[in-house]
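Biologist: I am new to this structure and would like to learn how to read it. Could we go through a few features one at a time?

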Amino acid sequence: MQRTQHERSETTRRELIGVARRLFIEKGYAETSTPEIVRDAGITRGALYHHFADKRDLFRAVLIAEAREVADAIETATASSELTPREALKAGSLAYLDAMEREGRTRLMLIEAPAVLGLQELDAIDGAHAARTLEEGLREAIGKSATISVPAMAILLSAAFDRAALAVAGGAPRAEMRATMLALVDCVISV
């Protein structure tokens with residue numbers, strides 16, 4: 001069976017994203033060149049620019065794929081209708097920390113991305129993925145009687161999760177960081 005042009009195009013796009021991800025993790029964004037990416041992907045430079053405007057656009061695609069995977073992990077962990085809102089928020093919290101342990105993910109999402117894309121674009125990507133799941137979970141767990149701003153709390157709690165992920169990636173005790181994040185979630189819900 002012969003593949004369609006669209007299928008071949010999507011395969012090339014996925015290959016470029018995969019190769020770029022690996023190189024961005026190994027070398028960093030600044031040290032990775034587009035000739036290197038196309039060489040490792042086994043495609044022409046023209047094919048790269050058919051799919052992406054430039055290296056920054058390719059990095060954005062890598063980051064969106066990472067953000068989508070993190071959000072999917074959170075949504076999978078919280079999908080059970082048997083979980084209370086508090087349990088779901090805690091399950092999602094642990095799922096985030098677990099998802100961030102994928103090789104190179106903290107570097108891509110928390111170190112390289114702010115420098116490459118800027119905070120405004122990064123916030124927009126995060127807002128469509130993990131930040132969205134956090135705000136939804138907080139709204140369910142805290143309820144309508146909250147005396148605090150749920151969007152503001154989501155921003156602050158998200159920063160704490162990111163710092164926890166960076167700490168674990170840097171060698172902090174995983175179990176201690178996870179237990180502390182769950183205690184923080186409990187404190188937030190009790191507000």
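Biologist: Which residues does Val 38 touch, not counting residues up to four places away in sequence?

Modeller: Bear in mind that this is a predicted model. With those sequence neighbours left out, Val 38 touches Ile 43, Thr 44, Arg 45 and Leu 48. Val 38 itself is found in helix H2, residues 34-41.

Biologist: Is Val 38 buried or exposed?

Modeller: The cut-off for buried is under 20% relative accessible area. Val 38 has 8% relative accessibility, so it counts as buried.

Biologist: How far apart are Val 38 and Val 19 in sequence and in space?

Modeller: They are 19 residues apart in sequence, and their C-alpha atoms are 8.5 Å apart.

Biologist: Now the helices. What span should the 15 residues of H5 have?

Modeller: At 1.5 Å a residue, H5 should span 21 Å, and this agrees with its end C-alpha atoms, which are 21 Å apart. The buried residues of H5 include Ala 88, Leu 89, Gly 92 and Tyr 96. Their cover includes H4, H6, H8, H9 and helix H10 (174-189).

Biologist: What does the comparison of spans give for H6?

Modeller: A straight helix of 13 residues would span 18 Å, but H6 spans only 16 Å between its end C-alpha atoms.

Biologist: Where in H6 does a kink lie?

Modeller: The kink is at Ile 111, shortly before the proline Pro 114, and is about 35 degrees. After H6 comes Gly 118, with a positive phi near 85 degrees.

Biologist: What do the buried residues of H6 pack against?

Modeller: They pack against helix H1 (5-27), H4, H5, H7 and H9. Among the buried residues of H6 are Arg 105, Leu 108, Met 109 and Glu 112.

Biologist: How is empty space found?

Modeller: A probe the size of a water molecule is rolled over the atoms, and this shows where empty space is left. Here, the largest pocket has a volume of about 870 Å³.

Biologist: Which residues are the closest to the centre of that pocket?

Modeller: Asp 126, Ala 130, Ala 131, Leu 134 and Ser 158 are the closest, out of 38 residues that line the largest pocket. The elements that give two or more residues to this lining are H4 (55-77), H5 (85-99), H6 (105-117), H7 (119-127), H8 (130-142) and H9 (150-169).

Biologist: How many residues of each class are in the lining of the largest pocket?

Modeller: The lining has 22 nonpolar, 7 polar and 9 charged residues.

Definitions and conventions:
Residues are numbered from 1 along each chain as its sequence is written. This is a predicted model: local features need pLDDT of at least 70, side-chain atom pairs count only at pLDDT 80 or more; totals for chains, interfaces and linings use all residues. Side-chain values use heavy atoms; hydrogens and water are left out. On a 1 Å grid over the protein atoms alone, a cavity is a set of points where a 1.4 Å probe fits but cannot get out, and a pocket is an open set with protein on both sides within 12 Å along at least five of seven lines; lining residues have an atom within 4 Å of a point. Grid points are joined across faces, edges and corners, and a volume is the space filled by probe spheres set on the points. Helices (H or I, at least four residues) and strands (E, at least two) are DSSP runs, numbered from the N terminus. Ala, Val, Leu, Ile, Met, Phe, Trp, Tyr, Cys and Pro count as nonpolar, Asp, Glu, Lys and Arg as charged, and the others, Gly among them, as polar. The expected span of a helix is 1.5 Å times one less than its number of residues. The bend at a residue is the angle between axes fitted to the seven residues ending there and the seven starting there. Buried means under 20% relative accessible area, exposed over 50%, partly exposed in between (1.4 Å probe, protein chains only). Contact means heavy atoms within 4.5 Å.
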